[in-house]
Amino acid sequence: MDIRAALKNGIAQLREANVPSFTLAAELLLLYVLGRNRTWLYAHPEEILSDADAYRFLDLIARRAAGEPTQHLTGKQEFWGLEFEVTPDVLIPRPETEHVIEVALDRLAVRELRANRPPKSDGAGLQIADIGTGSGCIAITLAKELPQANFVATDISPAALAVAKRNATRHAVADRIEFSEANLLSPVGAQHAAPHPGKIQNSAPPASRESRLTSHASRLFDLIASNPPYIGRREANSLAREVRDHEPHAALFGGEEGYELYADLITQSAQHLKPSGILVLELGHNSLEAVQPLLDTSAWTNIGVTNDLAAIPRILAAERV
Ligand SMILES: C[S@@+](CC[C@H](N)C(=O)[O-])C[C@H]1O[C@@H](n2cnc3c(N)ncnc32)[C@H](O)[C@@H]1O
């Protein structure tokens, strides 16, 4: 079988199985098997596949047709121009989440301008937290953009943290990111710390008596970013099978409605941000109405909403008073 025939066969099988973006998926799987780029693929349509490559490709096509995401089959996804390892233990980074990076960098630049410094900073002296880091895509991308900043990246899933650490090593930023198993910012098994004297709107999640307090529990941050789980369990049946059956439910579902985690997230962020510290949150497609009022207290100012490319309010940002 030559390349053209293999691709035609793969595309036909994926189309038949109602796989979204079936042509792209077949191409990506063939490129993955051959270890080539797209230019090579279309320059060599007559090249004959080895039996081993043809077998591997058709096996991957069958798995994709049965619902496994392409990224789980190739083990990677691009985000902000960087390649991230993904496994079934982490959310596959989504393009919408690149708006978290844009808004975070924009807000930091404005802060620099206000301090009469050039807007493009290397992040020297900045302490940044990424809550619910998953693959690590937010913390690692910001670490590449801000090569002098230091980070804490938390997740409730130790399996996700293992993937995030490998991604940090791959992108040579592991020495600046402290990965921590935590419930939002409360280290698992630690007393919850409340270092900020400001007003707190809600009570923090109950803390265990054990005191395995890691250093970040008492740290204050210049920026806290998070893409928390925000899908409602009641919406589970409307999700694509690739998502519902293959991505971790701890990364998808925020509760019955979806927005349940934001109250504690905002409370803990208020406790852990420096004065003028920045909060950047990704929102679910219908979360804004439930989440924005949580910032309606004397603790927050400069509240802003950014739409994604589909005009959905996707990012909510605010500044700690
Ligand atoms: C929507 S995913 C986002 C992953 C990654 N930041 C991204 O943008 O692709 C949410 C992540 O939060 C983690 N998570 C869920 N509940 C959490 C909690 N209470 N505390 C910390 N992390 C949590 C999940 O394990 C998952 O990795």
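I started with H11, and listed its buried residues: Tyr262, Leu265, Ile266, Thr267, Gln268, Ser269, Ala270, Gln271 and His272. That makes 9 of the 11 residues in this helix, which runs over residues 262-272, so H11 is largely enclosed by the rest of the structure. A reminder to myself: this is a predicted model.

I found Ser287 in the loop between E10 and helix H12 (288-291). Is Ser287 buried or exposed? Its relative accessibility is 1%, and buried means under 20%, so Ser287 counts as buried.

Next I went to H6, residues 98-114.

I then noted which residues of H6 are buried: His99, Val100, Ile101, Val103, Ala104, Leu105, Arg107, Leu108, Ala109, Arg111 and Glu112. What do they pack against? I wrote down helix H7 (137-145) and the strands E1 (76-79), E7 (221-226), E10 (273-282), E11 (300-307) and E12 (313-320). Just past the end of H6, I saw that Asn116 takes a positive phi of about 60°.

Then I turned to a helix pair. Two packed helices are described by the angle between their axes and the distance between the axes. For H1 (residues 3-16) and H4 (residues 51-65), I have an angle of about 15° and axes 9 Å apart. Angles under 35 degrees count as roughly parallel, so I put H1 and H4 down as roughly parallel to each other. H1 passes H4 in a right-handed crossing. On the H1 side, the contact is made by Ala6, Leu7, Asn9, Gly10, Gln13 and Leu14, and on the H4 side by Phe57, Leu58, Ile61, Arg64 and Ala65. Sorted by class, I count 7 nonpolar, 3 polar and 1 charged residues in this contact.

Last, I checked Pro20, which sits in the loop between H1 and helix H2 (22-34). Neighbours within four places in sequence aside, Pro20 is in contact with Arg64 and Glu242. Arg64 was already in my notes, as one of the H4 residues that make the contact with H1. I also looked at Pro20 and Asn302: they are 282 residues apart in sequence, and their C-alpha atoms are 39 Å apart in space.

Methods: Residues are numbered from 1 along each chain as its sequence is written. This is a predicted model: local features need pLDDT of at least 70, side-chain atom pairs count only at pLDDT 80 or more; totals for chains, interfaces and linings use all residues. Side-chain values use heavy atoms; hydrogens and water are left out. Buried means under 20% relative accessible area, exposed over 50%, partly exposed in between (1.4 Å probe, protein chains only). Helices (H or I, at least four residues) and strands (E, at least two) are DSSP runs, numbered from the N terminus. Contact means heavy atoms within 4.5 Å. Axes are lines fitted to C-alpha atoms, for helices over the stretch in contact, and angles run from 0 to 180 degrees between N-to-C directions. Angles under 35 degrees count as roughly parallel, over 145 as roughly antiparallel, 65 to 115 as roughly perpendicular and the rest as oblique. A crossing is left-handed if the near helix is turned anticlockwise from the far one by less than a right angle, and right-handed if clockwise. Ala, Val, Leu, Ile, Met, Phe, Trp, Tyr, Cys and Pro count as nonpolar, Asp, Glu, Lys and Arg as charged, and the others, Gly among them, as polar.
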